[in-house]
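Dear colleague,

Please find below the structure I am handing over to you. My notes on what was found in it follow directly after.

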Amino acid sequence: MADMWVGVNGADEALRQVNAEMLGGARALADQAAAQVVAIVWGASAAGHAKALASWGADRVVIVESEAAPAPEAVARTLARLAAESAPAVVLLADGAESRVAAPLLAEALDAPLFSDVVDIEAGDEVFFTRLPYTAKVIERATAAAPTVVATVRPKALPVPEVDASRTAEVIAAPADAADLARIVQSVARAASERVDLAEADIVVAGGRGCKGPEGFAVIESLADALGAAVGASRPAVDEGWIDIQYQVGQTGKTVAPSLYIACGISGSIQHMAGMGASKCVVAINKDPEAEIFAGADYGIVADLFEAVPLLGAAVRERK
Amino acid sequence: MNIVVCVKQVVDTEAVIALDGAGEVELMGQTMVIDPYSEFAVERAVQLKEELGGTVTLLTLGSQDCLAAVRHGLAMGADAAVLIEDEQWTARDAAQAAALLAEAASTMGADLVMGGWKSGDTAAAQVMGRMAAIMRLPLANMATGLSVEGGTIVAECEVDDGVETARLPLPAVVAAQQGLAEPRYPSVRDVMRARRRGAEVRPVADFAAASKPTTVTVVSRELKSGRCGGRIVAGEAPVAVAETVRLLAEEAKVL
């Protein structure tokens, strides 16, 4: 069978864990099909990551020679050119803002099907992709009869593969494609946060309408810092302008799957549950005992968050 | 400024989903609504028309049943609508839908093609991107802000850790994210007036893209059960918090 490709983004920094998860998934597919796993990496420091990529399962590492992180249109263009030459069976990209542009462009260039936000990949006679459409109320397994299938993979959905430091990979260089883009980026306002990435966080502390204002999020942030957690929010808090949209968890925001999710002053709408339902353990703090969030919480505390959250923070600090 | 907005009709995101005998999502008896992401796009398009003049035309792939969503968009202030009438539309994959919509939009003289970056039901999250590729237009995806400056647009787009502001030449494709515009509630008068204005119905068979085959097979669908929980840790806040911390450490082993 043809090769399994993984596009690795953000290689200028430390590699995100989702890259290991994708390589592990690709490795399992390749082992079934006696195929190879190829990691395609961008960025000036890409070569430094070859060893890690090999340890996660890559047989070959293709380094695309680029100075800085390329635009998603350029990522799509390069992948389309390389894929047209060697027809991979599968191209995996990490689900996120970049791949939501790159993957449809790549799929269209290859006339390939695209499965987005995939939570499981299974090898068989065909490759099966599992998604959670209908506000995560439906589990859908699908396959595609096409030479190449493109998929974007949800972070923290596939298992992290075991590191095999004895593995080595062949390293190849490939030229980048010209970035003659019609879309000119003028500025990027990054949320200045020292905290961990929301999508990959192991603990998330989230605030909702119960925070009553931006000041309420200071309470949430304080607990998050005590736990080394990421901060999240429900849509009402974002709509009210108390916190930026990139912190939103739910149907229209980010999907998270931490080991511990602490929902503070969040009612627990279907849309919010769609974004955090895969959390391993959920703690809900809400002063309304009828709040829907309690039905999906492992531990519920019926209390005012302005009282309970600081107490929780103090208890966590004491444990350390 | 001619704006074409792709509008999808979807089952209400609040709905309880059921599957029929064939494993398809049961739509009979469900409340069908304009897709929330399409709705953000319609609202911003109508606002731009009100600021700058021009027309807003809705474009829908669907059956006659989908005209409810189209009428909602008309009531919000869109001027006209085109329905690519296809009884089999729910069986088409995202690549087929994008090909049909792009073929139709190409003949409509659009300065701006808008739609939702994904839909609330199937969430394929690719139709607008594929349309941009087919129409060879630049794409602003997950747009939370959009303004027109001369012959260009400035779009604010959500990226993973912030917001990216970019300038794009027209024509362009803009895929809406929550925050682009707060959809208005049409007045009764607007709703009545929209009811009188129909959509131009174009049979799917008239489109070359109608013969594009699907490659995707859904193998199975299952309903996902909600999270199980409901355990309340008793006591006043200090007691309940202390007990919860103990349970997190000793029972759940996550601390």
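**Helix α6(B) and the contact between the chains**

The buried residues of α6(B) pack against β14 (260–264), β15 (281–286), β16 (299–302) and α9 (305–319) of chain A. This is a predicted model, in which local features need pLDDT of at least 70, side-chain atom pairs count only at pLDDT 80 or more, and totals for chains, interfaces and linings use all residues. Residues are numbered from 1 along each chain as its sequence is written, while chains are lettered from A and ligands numbered from 1 in the order in which they are written.

Helices (H or I, at least four residues) and strands (E, at least two) are DSSP runs, numbered from the N terminus. Helix α6 of chain B comprises residues 237–250, 14 residues in total, and spans 20 Å from its first C-alpha to its last, close to the 20 Å expected at 1.5 Å a residue (the expected span is 1.5 Å times one less than the number of residues). Its buried residues are A237(B), A240(B), V241(B), T244(B), V245(B) and L248(B). They lie on the same side of α6(B), because they cover an arc of only 135° around the axis (the arc is that of the directions from the helix axis to the C-beta atoms). A residue is buried if 20 or more other C-beta atoms lie within 10 Å of its own, exposed if 12 or fewer, and partly exposed in between, with C-beta atoms placed from the backbone.

The contact takes 68 residues from chain B and 71 residues from chain A (two residues are in contact if their C-beta atoms, placed from the backbone, lie within 7 Å). On the side of chain B that touches chain A, α6(B) gives the most, with 9 residues.

**Strand pairing**

Strand β11 (residues 184–190) of chain A pairs with β9(B) in the antiparallel sense over 6 bridges; two strands pair if DSSP finds at least two bridges between them. R190(A) has G162(B) as its bridge partner in β9(B).

Within chain A, strands β2 (residues 37–42) and β3 (residues 60–65) run parallel and are joined by 5 bridges. V41(A) has I63(A) as its bridge partner in β3(A). I63(A) is in turn the bridge partner of A173(A) in β10(A), and 6 bridges join β3(A) to this parallel strand, residues 170–175.

**Backbone points to inspect**

A cis peptide bond joins L170(B) and P171(B), with omega about -5°. T135(A), not a glycine, has a positive phi of about 50°; T135(A) lies in helix α5 (residues 133–136) of chain A.

Yours sincerely
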